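Hi there,

Here is the structure I promised to pass on to you. Have a look at it first, and then read on for what turned up among the aromatic side chains.

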Amino acid sequence: MSLRFEFAFPAAQMTEAMSELPIRDDLRGRSAYGAPQIDVPVLLNVNENPYAPSGAVVEAIAQAVRRAAQGVNRYPDRDCVGLRSALARYLANREGASFAAGAIWPANGSNEVMLQLMQAFGGPGRKALGFSPTYSMYPDYCRDTFTQYVTVDRTHDFEVTAEIALAAIENEQPDIILLASPNNPTGTALSLDVIETVCSNFSGMVIVDEAYAEFRRTGTPSALTLLDTFPRLVVTRTMSKAFAFAGGRVGYLVASPAVVDAVQLVRLPYHVSAITQAAAVAALEHAEELLAGVDRLRDERDQLFTWLQGRGHEVAVSDANFILFGRFADPDWVWQGLLDRGVLIRQTGPTGWLRVSIGTASEMMAFRKALEEVVPV
Ligand SMILES: *Cc1c(COP(=O)(O)O)cnc(C)c1O
């Protein structure tokens with residue numbers, strides 16, 4: 001079993017030399033974000049779309065990059081105008097939602113978008129509120145921007161109700177509220193009622209992280225539809241998951257143009273490279289094809305849900321491309337047993353649960369077979 005990438009150093013090895021550096025006290029002893037990148041046949045650990053682009057799409061991206069390379073001696077378009085227009089067209093086609101390019105802001109993954117939002121609206125003396133269990137990067141964005149991060153628990157079935165949200169606003173007095181919908185690692189989508197209630201009863205910024213929006217079940221609405229009503233609402237999206245462009249590193253936010261102006265105060269100049277912009281625009285021109293796997297993945301997810309329930313596991317209802325299931329007295333052992341059979345999934349809170357990304361039909365068969373061996377019923 002080898003690491004997927006040659007330079008994927010185990011974080012622990014770095015620590016001793018690093019600790020001798022005069023790094024910030026609050027970083028001392030920490031390890032870097034690290035879902036293990038292990039080279040096994042079935043990779044179901046980081047919620048990627050398993051379908052690689054077709055030869056035609058690869059060619060279109062390569063041609064766009066070639067054109068961009070011809071001008072790579074110059075800085076790229078700092079405002080990413082072409083990319084923002086392409087994203088606006090995508091949202092219009094896919095969601096029937098009409099946004100001006102000025103309401104959209106891209107960065108290198110929605111992780112960078114989120115960091116920029118925390119830089120602009122968080123900071124020393126400010127507090128962000130999340131609802132746990134939720135995305136493991138939220139505390140890191142907060143740490144990196146010296147924003148205090150607090151969490152309030154979801155219900156036992158991982159919902160955020162209006163009551164929970166209102167009590168949390170009252171008790172915690174946050175400046176920013178982070179709502180992942182569908183949530184990672186649970187897959188839970190929020191109802192628009194809850195988001196509306198939060199926005200109506202809170203004077204700070206509300207960030208709805210819709211990284212998995214394209215996987216939501218039919219009839220589950222997007223918070224994009226609320227943006228006209230609430231000027232302090234921000235919806236973040238990514239091309240990493242449904243869009244099958246994780247390696248391209250493009251995420252974006254949709255919000256009032258004033259929010260986009262605010263974020264521009266903190267972004268680094270020329271943050272999205274000419275190469276990335278060109279590749280992303282070319283990919284967006286082939287959106288339909290790149291997203292063709294999404295319906296299949298949603299079907300696989302729903303089938304897996306039923307299958308896991310049928311085996312007697314606890315299974316979280318999912319609107320995303322992964323399923324959280326459990327509970328296991330020894331989840332490490334189950335994770336390792338699957339890995340020994342060539343199937344890599346993710347150990348991510350809450351205690352006793354495991355998360356499996358949805359892959360192709362044959363990958364899901366391999367997962368089921370491995371789980372049957374490791375955990376017979
Ligand atoms: C994967 C993920 C993201 C973003 O990933 P990027 O690749 O940086 O766009 C954001 N939020 C959640 C909840 C995620 O799971």
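Tyrosine 138 counts as buried because its relative accessibility is 0%, and the cut-off for buried is under 20%. Please keep in mind that this is a predicted model.

The model holds 8 aromatic pairs. One of them joins tyrosine 135 and tyrosine 138 in an edge-to-face arrangement, with 5.4 Å between the centres and 85° between the planes. Tyrosine 135 is buried, as is tyrosine 138.

Tyrosine 138 also pairs with tyrosine 141, and here the geometry is tilted: the centres are 6.1 Å apart and the planes make an angle of 50°. Why are tyrosine 138 and tyrosine 141 separated by about one helical turn? Both sit in helix H5, which covers residues 138-144, and they are 3 residues apart there, so about one turn of the helix lies between them. Tyrosine 141 has a relative accessible area of 4%, so this residue is buried too. Taken together, Tyr135, Tyr138 and Tyr141 make up one aromatic cluster.

There are also charges placed over rings, which may interest you. Arginine 296 lies over the face of tyrosine 51, at 4.4 Å from the ring centre. For phenylalanine 322, the residue over the ring face is arginine 355, and the distance to the ring centre is 5.4 Å.

Enjoy exploring, and write back any time!

Best wishes

Key: Residues are numbered from 1 along each chain as its sequence is written. This is a predicted model: local features need pLDDT of at least 70, side-chain atom pairs count only at pLDDT 80 or more; totals for chains, interfaces and linings use all residues. Side-chain values use heavy atoms; hydrogens and water are left out. Rings of Phe, Tyr and Trp (its six-membered ring) pair if their centres lie within 6.5 Å; planes under 30 degrees apart count as stacked, over 60 as edge-to-face and the rest as tilted. Buried means under 20% relative accessible area, exposed over 50%, partly exposed in between (1.4 Å probe, protein chains only). Helices (H or I, at least four residues) and strands (E, at least two) are DSSP runs, numbered from the N terminus. A charge sits over a ring if NZ of Lys or CZ of Arg is within 6 Å of the ring centre and within 35 degrees of the ring normal.
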